[in-house]
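Visitor: Please show me the model, and then let me ask about its make-up.

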Amino acid sequence: MQYFDRHDGGENAILVHLDIHQITDPDDLEEFRLLVHSAGANEIEIITGSRNKPHAKYFVGTGKAEEIADAVRRFRDAHADNPDDVIVIFNHTLTPSQERNLEALLKCRVLDRTGLILDIFAQRARTYEGKLQVELAQLNHLATRLVRGWTHLERQKGGIGLRGPGETQLETDRRLLQIRVTQLKAKLEKVKQTRAQGRAKRQKSATPTVSLVGYTNAGKSTLFNRLADDHIYAADQLFATLDPTLRRVKWAGVGNVVLADTVGFVRHLPHELVESFHATLEETLEADLLLHVIDAASEDMHAQIDAVNDVLSQIKADAPILLVFNKIDKSGEPPSIHYQSHGVPHRVYVSARDNLGMDKLMTAVQELLSGHLKSYTLTLPYHAGGLQNTLHELGVIEQSDFDDQGRQVLHIRLAPTKLMQLLGQYALNADDVLPADEAVSLRPVLEPFETVN
């Protein structure tokens, strides 16, 4: 639905980036160029500058606005026979009036950072839910800009014979837009209910959810493919993944786990997107563990970590977080696990692309979901086939032998709480299946449960 008349946009883009001194967390120029590239635009020129604060009329100063207009004219003069037009993209959030003033001066389409990200999301959306969420975000963004498109119809002060339908048309479009927004919200509410039912089933079956979050292009989808042995789309571009992907995987020492890949975050993620993608981000809210995937080779790593933490704070995500420093094939760190002072895994260094440190990542996740791992030697009675099968399914058996009496001896690595759980499930006594020293070490874990029983 076309709500207002605008200049045609082109695939050829003039980029504008200002350093605003009063902004403490400025947008990054290189990330801006990556965003433009991800949108499919052809970068023809970058215009930079600095100001103490944005100009009220053009965001940039009048002199800089004329410089941009000259760049547009030069491109058009050089490509007079080329039907492709030019678009000017700002690495900043513009007000509706600033966009209107700039388009009137430049005689071409003007797009701000929010509009650019919305355009990328519109290109990436594949699922029904993703398309709904993108359209809702676009309409929320458009709602504040409707008045621009119909200013040429506002003739109420023209007198008899000159009155036009401008105000009526504007009110009509606002009403139509609001109707569509209401419809989209109703459809997304149904999606939300479906997701909630799925989460309830997983919680009922005690299947933990591990959700991958992180800055866009940090390597989440590559890591997801490595962990889930899947082939979802992964590319070296911003917002390669938009629609959430869930897979059930078997995790050593834990059992079945639902692994979720989510949309990447970016600094100053438009509020419209955070609101519209809340149904998707609820997979993050309801996760038992968050894997915060970080590009360890990025020069802007710390700012990217802050941006992700900011979005997690906005959606009130409070699940435990494991920092996964990815791309160590570029940064040079060795694969390793770093623990907090009380022995809880805090950071893991991996390369999803080169399959480095995946065993350490799986160990860290196992410890966070089940507890710190210890080695045990289980001598199983003949009737303990069920326990043996479960241990095989969990993937915790390191070695299998037989003793002099023909009983199976399993060398396992498992969290004490998980072993306690399994012994209780199969009605086995720790003193009967473990060496004396190992049974004693497990006693503090078992005692509270024995007291209850």
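**Overview**

Guide: Buried residues make up 48% of the 453 residues in the protein, where buried means under 20% relative accessible area, taken with a 1.4 Å probe and protein chains only. The model is predicted, so local features need pLDDT of at least 70 and side-chain atom pairs count only at pLDDT 80 or more, while totals for chains, interfaces and linings use all residues. Residues are numbered from 1 along each chain as its sequence is written, and side-chain values use heavy atoms, with hydrogens and water left out.

Visitor: How many helices and strands are there in the protein?

Guide: Both are DSSP runs numbered from the N terminus, helices being H or I of at least four residues and strands E of at least two. On that basis the protein has 17 helices and 14 strands.

Visitor: Which strands stand at the edges of the open sheet of seven strands?

Guide: The order is S6-S7-S5-S8-S9-S11-S10, with mixed pairing; two strands pair if DSSP finds at least two bridges between them. Each edge strand has a single partner strand, so one side of it is left without a neighbour in the sheet. The edge strands are S6 (245-251) and S10 (336-339).

Visitor: What is the bridge partner of Ser336 in S11?

Guide: Strand S11 covers residues 345-349 and runs antiparallel to S10, with four bridges joining the two. In S11, the partner of Ser336 is Tyr349.

Visitor: At what angle does helix H11 run to S8?

Guide: Helix H11 (residues 301-314) packs on the sheet and touches S5, S8 and S9, contact being heavy atoms within 4.5 Å. Axes are lines fitted to C-alpha atoms, for helices over the stretch in contact, and angles run from 0 to 180 degrees between N-to-C directions. The angle between H11 and S8 is about 150°.

Visitor: Is Gln304 buried or exposed?

Guide: Gln304 lies in helix H11. Leaving out residues up to four places away in sequence, Gln304 touches Tyr215, Asp295 and Ser298. Because its relative accessibility is 13%, Gln304 counts as buried.

Visitor: Which residue just after H3 takes a positive phi?

Guide: Helix H3 (residues 96-106) has buried residues Gln98, Glu99, Asn101, Leu102, Glu103 and Leu106. The residue just after H3, with a positive phi of about 60°, is Lys107.

Visitor: What percentage of the accessible surface belongs to carbon and sulfur atoms?

Guide: Accessible areas come from the Shrake-Rupley method with a 1.4 Å probe. The accessible surface of the protein comes to about 22,100 Å². The part that belongs to carbon and sulfur atoms is 49%.

Key. Buried < 20%, exposed > 50% of the residue type's maximum accessible area, 1.4 Å probe, protein only.
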